[in-house]
Amino acid sequence: MGWAASPGHAAWVLAGGLLVAALALPAVPGVRGRLPAGPGPLQHPLGAQAPPGPRAARGAGPERAAQRGDISRDTQGTSEDGVVFQKCAVVSGPSVAQTAQVRLLVNNTAAPGAANLSDLLLLDNITGLAVRESAGNKTSAGLQAFRRRFLQVGDSFSVSYTASLEAGDLGHGEVLVLPALLTFQSASANRTQLRALLTITAEETVTARHQESRLEHSQFTAADGVNEDLALNDQVVGILSSEDPGSMLQALEELEIATLNRADADLEACRTQISKDVIALLLRGLSSGGHLAPQVERRMGAAFKKQFLMLEKEIQEEYDRKMVALTAECDLETRKRTENQFQREAAAMEEAEELLKHVSERSAGECSSLLRTLHGLEQEQLRRSLALQQEEDVAKAHRQLAVFQRSELHSIFFAQIKSAIFKGDLQPEAAKMLLQDYSRIQEEVEELMDFFQASKRYHLSKRFGHREYLVQNMQSAETRVQGLLSAAAAQLTLLIQKHERAGYLDEEQTEELMERAQTEVFSIKQKLDNDLKQEKKKLHQKLIVKRRREMLQKHKEQRREQLSLGEAFRAAEDAGQYLGQWRSLVAAQGAALEELQERLDQAALDELRALTLSLFEKATEGLRRLQSSALTQELLRRGVPWLFLQQILEEHARELAARAEQLEAEERGRDQEGVRSVRQRLKDDALEASAEEQAELRHWGRWVFLRLCGSPFSLSEEELLRIRQDVHSCFAQMDRSLALPRIRARVLLQRLHTAWREAEFLKLDQALAAPELQPQAKARKPRTKSKSKTDLLRKCIEDKIQLFECPAPEDLLEKVRAELLRERVQQLEAQEGRFAESLVALQFQKAAGAARTLWAYTALLSVQHLLLEELSESETLTTAACAQILESHSPELQELERKLEEELAHQEAAQRQRALARRQQWAEDGPGLLTEPEDADSEGQVSAALRRALGRSQELLERQQQSLREEQELSVVLEDLLERMEADAFVGLYSQELRLASYLSKLTMVPVGTLRRLLSVALPAAPQPELLALLESLSQKQPDPTVEHDGGGEQADLGRRGKHQGWWQALESRLRGELRSSGLDKMLWARRRKESILRKTCPPLRERTVCSGKGGWPHLSLESSGDLVPVPIVGAEAIDLLNTGEKLFIFRNPAEPEISLRVPPRKKKNFLNAKKAAWAAGVD
């Protein structure tokens, strides 16, 4: 597999395999970089004294170094879960054109403890290589990604590609390190990570070395698919059959988080599919109604599909980038916190060693052992903290991607609609109809997804509440039978001791019988443990096969139902009907699947419980027989009286029966407590309450966004379209995922618990540092005050260890709930705030543009006024000539005003015509909603009409509100059109005034510098480029050829220039004085206005935030296991009466919107006179 390299060329030296990522790898001479350990909690055992590895380098590029040692000296071993990951290569070809066949192998061996793997992601670093014949997706970071959805125990998969290397940039002995990273989901409900290295060295030999790794864990979501669902559900059998009862509930919690993550992925895939289907249905409905040509429908459908595929690829690439970035960030955080932990442990150990120098070896050993135990607990706490933090980071990344995908789906729709309108494929009226239908259907889609989410939350809460009850039931049963077994074993010893105390046995006989009894008890317990392990293993496999068979059958049935829904989609014409079919299907399938899983879980518990009880009862019966037969015979053989022995045996039988009854009563109590816990959990996560809460939140959000959308005074069609898109994006974010709140709650509880423990540690350290300052108990003996420093240190360490065993204080749970609620309210308020800011920014841009134009126009009139005064006072022009100059612009200005007024009247007439058409349509359609065949019985006609009216009242109200919204939208669009027309007219007016100002400046021969200073005074806030542009316009404008005057256009001589020199110098001061006077008047007006506002009675801020007629914030909850937040009265307006603190509640019926045929007329005004008056009044 090797060859000789020619001089001057680099050959490949390959080393493939796995790094033992959980061990501290010593630095290799000559290799400056090492592949950083993955996102696991720790890089090596925290108790080890090995130095921590080097910090991870940022990025995924190769690592180069001069090789002076063997980099593959790491210890070889087998992965504890039987997963083998290797990266190896075979080099071939001449030395000048070397190529390597690289192979990545993942083997899920059938080792003890092996489990099925899902969601396998393989990231391979190929920086510096020219890769050919690879099926991986290349990224911009020099990586290629491979994916596999599922890998069963005993299976393997591999990927291979051909790579070549231009080694000219590698010197002799240089090393190129190309790591590969494998992450997957395993039975532990955590994300697992393995690493493999491939090193390329510029030498003359080729070696291939393989290593294996232990596993690193990091939380992540499971993938979609039936196999992954089955693998997750199989884990509950492993939990119930676990040999470590103490870890069963923790494992169940991890399984619940993984299941919630998977459910979030399922719901997101369902939402995406429904959104795509809805768009297709809307296009189909538009085409069937004759508003869209079939070929245009097909073309738009193809464009949508292309955009959806591009979005899917973008989401996948972004997902890969986020996972790589999170892995690197977690690795850096792990190294940092691990080093800090090492430093703290080293400092504590040094301080303890210094203190223990003068004590006995035994005392020093005990303190050191306690200190190591404490450090081990701290390390375990650090591992969990890091794991939970990474779990939260991944969950947040998934939520961000989900929100991004939802927003992009809306963006794609609106972008395609605008493109179709621009190309002429879609008429504006048809587009308007399509957008209205899209908005209506999107509301239904959001309500449907809220129902899906609430239903899934309820079913999963019920599933894991039942599973928690099953685990507790299993633990309770094992506690009972273990207690009974221990009581039977204790009776053997007690029987021998009673005979010894009665004098029937000497010491030697007692020891002999004790030894034989203990040997028999150990033998029985050992056989019980072996039988339990073997029988549980057999039963585990049997239960898995049974569960998989039934679950697969159920999934096949539901798959057929989903395919039938796809056929219904192809034939559907109405999107609402299609969504209703989705709702019915998901509700039925979810209930059926949960019922099956609950039945299978119960069956698994029954069989495992029966097996456990049977084996324990058999062992207990063996101990009873040992007492009543073998041990009895031995005692009788040694001369023990039968009556005395019989009395003890009967007493033991009664005690054992009483103990059995006591244990059964305790078991029943624990079971009842478990039932109450499940009922409370189902009550907290009730489907109706969750759906009602979300519906209330949607109603509140709809009202808020409608009010915000109605606030702008004018909007163009494009701006209105963008606002609609933003509203849809906001509504798409108002849900809350299933997993993230639970994950966030765990992180907050972990942080609060750690902070509480650290505070207690600080108190203990202070007490250790200054014991004389601590309060002493009155009953304490005096000698305790003179305890040695060693005793105090030991007591401090023991107290710290005890704190790790203490549960979290109950008030921490309430703090977590309060924090979660506060964060959710802040998120919703921030969303509303961002939307409102975008609207304000849009209106501000319009106002700022108009204000800048008006400021420039006002400055121009000020300069004109000064120039005309100078020309008149200096007798350069006569009064008649000045009047003629001003009047010469009147015809053009009057023509501009006439055109503007005509266009305004035309637009207002068109608006009145549209309002009349809508009113007529309402008059035609409204009665039809209530017209139905009536019975001949005239007495029932009134009641029947009332019933129909009540039944259709909501529909009528929604149509009326929709009509009102359309009228408001038309109004703001019309206002925007009129504003743009006025702006165009104003631009024309500004151009005329600019020509006049330029002509007057030429007559007065004002220097350019003076003009610049005048404009700077008149426009103090204008940027320099605007001033220069205005000055250039004034300098370049030619005289008006229509103006005639006596000698005003002749060239001024030097004498006249000198005559005006003094006026030019005083011109700036005059303008400053006028502006200062005008500014003082404005300041006084603003002060009086401010004082008037401040004198008004204003309610407190909390009361002002309650919107009139709509109530306050809706009731929100996350983990609704605490007290409910009170819901404010809806429809009531609270008023502080006369500022006395007494509230007056006013209840009003919501006023029905009135559709008027009369459009409020715009106030007729002379446009030019208004502008002149504004300037004269000093308005900026």
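In the predicted model, Arg-547 counts as buried because its relative accessibility is 3%, below the 20% limit set for that class. The side chain of Arg-547 meets that of Asp-601 in a salt bridge, with an N to O distance of 2.9 Å. Arg-547 belongs to helix α6 and Asp-601 to helix α7, so the pair ties together parts that are 54 residues apart in sequence. Asp-601 is likewise assigned to the buried class, its relative accessible area being 0%.

Helix α6 also contains Gln-558. At 8% relative accessibility, Gln-558 counts as buried. When residues up to four places away in sequence are not counted, Gln-558 touches Gln-589, Ala-592 and Leu-593.

A further salt bridge joins Glu-667 to Arg-480, the closest N and O atoms being 2.5 Å apart. This pair links distant parts of the chain, with Glu-667 in helix α8 (residues 642–684) and Arg-480 in helix α5, 187 residues apart. Both Glu-667 and Arg-480 are buried.

Just after α5, Gly-503 takes a positive phi of about 90°.

Within helix α3, Glu-318 and Arg-321 are placed three residues apart, about one turn of the helix. The two residues form a salt bridge in which the closest N and O atoms are 2.6 Å apart. Glu-318 has a relative accessibility of 25% and therefore counts as partly exposed. Arg-321, at 42% relative accessibility, also counts as partly exposed, since that class lies between the 20% and 50% limits.

In total, the structure holds 61 salt bridges. Charged residues are also joined in a network of salt bridges, which links Glu-253, Glu-254, Arg-384, Glu-391 and Arg-746.

Leaving aside neighbours within four places in sequence, Ile-274 is in contact with Val-445, Leu-448, Met-449, Phe-452, Leu-579 and Trp-582. In soluble globular proteins, nonpolar side chains tend to be buried together.

For the chain as a whole, the secondary structure comes to 22 helices and 14 strands. Of its 1180 residues, 44% count as buried. Among contacts between residues at least 6 apart in sequence, 83% join residues at least 24 apart. The protein chain exposes about 61,900 Å², of which carbon and sulfur atoms supply 54%.

Technical notes
Residues numbered from 1 in each chain as written. Predicted model: local features only at pLDDT ≥ 70, side-chain atom pairs only at ≥ 80, totals over all residues. Heavy atoms only, no water. Contact = heavy atoms within 4.5 Å. Helix = DSSP H or I, 4+ residues; strand = E, 2+ residues; numbered from the N terminus. Buried < 20%, exposed > 50% of the residue type's maximum accessible area, 1.4 Å probe, protein only. Areas by Shrake-Rupley, 256 points an atom, 1.4 Å probe, with all protein chains shown as cover. Salt bridge = Lys/Arg side-chain N within 4 Å of Asp/Glu carboxyl O.
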